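Student: Hi, could we go through this structure together, one piece at a time?
Tutor: Gladly; here it is.
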Amino acid sequence: MMRKVESIKGMLVVDKTKRGGQDVSSWRIYVPSNDPEKCTGCMLCAMYCPEAAIVANEEGKPEVDMRFCKGCGVCANECPTKSMKMVRED
Ligand code: SF4
Ligand code: SF4
């Protein structure tokens, strides 16, 4: 079955309502935190996120849907400017 997609800066990502597939929010210890001053909006973090939990907001910067974020840290690891960092979730 074809999944609905939306476009972010030329990339195709799974539609918001179908992202992630399951709520993995209870898995994580760390959460991604982005510094918008250092972030270029390249959206590489979204491309690499295994849960497709990241979409662009109105400013073209990444926004994480925390329902689908498992805290793996791939987004922070792939961020070329290191604006995305993992921080301990309270
Ligand atoms: S990879 Fe880093 S610089 Fe690029 S959009 Fe994501 S947080 Fe911003
Ligand atoms: S920590 Fe992992 S699951 Fe969460 S947004 Fe980053 S890459 Fe996606």
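Student: Which residues are closest to ligand 2?
Tutor: Of the 13 residues that surround ligand 2, the closest are Cys49, Cys69, Cys72, Val74 and Cys75, where a residue is near a molecule if its C-beta atom, placed from the backbone, lies within 6 Å of it. Please keep in mind that this is a predicted model, in which local features need pLDDT of at least 70 and side-chain atom pairs count only at pLDDT 80 or more, while totals for chains, interfaces and linings use all residues. Residues are numbered from 1 along each chain as its sequence is written, and chains are lettered from A and ligands numbered from 1 in the order in which they are written.
Student: OK, and what about ligand 1, which residues are closest there?
Tutor: Ligand 1 is surrounded by 13 residues, and the closest are Cys39, Cys42, Cys45, Cys79 and Met84.
Student: New topic: where is Ile29?
Tutor: Ile29 sits in the loop between β2 (11-14) and β3 (30-34), strands being DSSP runs of E with at least two residues, numbered from the N terminus.
Student: Is Ile29 buried or exposed, and why?
Tutor: Ile29 counts as exposed because it has 8 C-beta neighbours inside 10 Å; the cut-offs are 12 or fewer other C-beta atoms within 10 Å for exposed, 20 or more for buried, and partly exposed in between, with C-beta atoms placed from the backbone.
Student: How far apart are Ile29 and Val87?
Tutor: They are 58 residues apart in sequence, and their C-alpha atoms are 8.5 Å apart in space.
Student: And how much of the protein is buried?
Tutor: Buried residues make up 19% of its 90 residues.

Terms used: Helices (H or I, at least four residues) and strands (E, at least two) are DSSP runs, numbered from the N terminus.
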